[in-house]
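Hi,

Here is the structure I said I would pass on.

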Amino acid sequence: MNKGNQRLSIGKLRQWESLHFGMFIHFGMSTFDGDEFSKGDKPSVLYAPDRLDVDQWIGVAKNAGMKYAVLTSKHVGGHCLWDSKVQFRGKEFDYDVATSGNKTDVVADFVKACKKHGLTPGLYWCLLDFRNNSVPHGPQWTKGRLPDDFYQLARDQFTELIRRYPEVSYYWIDIPRAASAGQR
């Protein structure tokens, strides 16, 4: 990392730290299959919130004095809380809200609610992915490389998130060592 990028990263980290108090929202497929570490083996339609109110979540955070919120956009089960349009293994990605029991773009509602209530939005995206990574227990936990198809999915989904939701200020990438510098 060059010194300019390092200063930028340190500056962004200090901005985030200055917010002091916030909320991490872990919501997704695991909410419906009862497994914190979903294996991605349940059909997308299982995800079916019937009283989804993202504005209420963020309103509670605001009323508690919070300054930011981070939403899990994709966790280890591989299910995305937005309609991902990227190509994966020769077809449009299909393990997301568009194929679920509730088609609400939770990421869009989250960003909108954060803007409405004056909170800084952030997104969490996990590189550990039991459904979409062809080597589910291999290189993700070691210093090996991600499989090429999954590496491309990660790049494409990050690009999609950044372009579709430019108001998002922070990205929390879990298990980053699997995609560290020098791997590609």
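How many salt bridges does the count come to? The count comes to ten, where a salt bridge is a side-chain nitrogen of Lys or Arg within 4 Å of a carboxyl oxygen of Asp or Glu.

Before the details, a word on the source: this is a predicted model, with local features needing pLDDT of at least 70 and side-chain atom pairs counted only at pLDDT 80 or more, while totals for chains, interfaces and linings use all residues. Residues are numbered from 1 along each chain as its sequence is written, and side-chain values use heavy atoms, with hydrogens and water left out.

Now the salt bridges. Asp149 pairs with Arg89, N to O at 2.8 Å. That pair links distant parts of the chain, 60 residues apart: Asp149 sits in helix H5 (residues 148–164), and Arg89 in the loop between strand S3 (87–88) and strand S4 (91–92). Helices (H or I, at least four residues) and strands (E, at least two) are DSSP runs, numbered from the N terminus. Asp149 is partly exposed at 27% relative accessible area, and Arg89 is partly exposed too, at 45%. For those words, buried is under 20% relative accessible area, exposed is over 50%, and partly exposed is in between (1.4 Å probe, protein chains only).

Asp94 and Lys91 make another salt bridge, with their closest N and O atoms 2.8 Å apart. Arg164 is partly exposed at 32%, whereas Glu160 is buried at 11%. Elsewhere, salt bridges with shared partners join Asp83, Lys85 and Glu92 into one network.

The other thing to look at is helix H3 (residues 54–63). Its buried residues are Val54, Trp57, Ile58, Gly59 and Ala61, and they pack against strand S1 (22–25), strand S2 (68–74) and helix H4 (106–117). Contact here means heavy atoms within 4.5 Å. Val54, Asp55, Trp57, Ile58, Gly59 and Lys62 of H3 meet residues of H4 including Phe110, Ala113 and His117. The axes of H3 and H4 come within 8 Å and cross at roughly 35°; axes are lines fitted to C-alpha atoms, for helices over the stretch in contact, and angles run from 0 to 180 degrees between N-to-C directions. Just after H3, Gly65 takes a positive phi of about 90°.

Cheers
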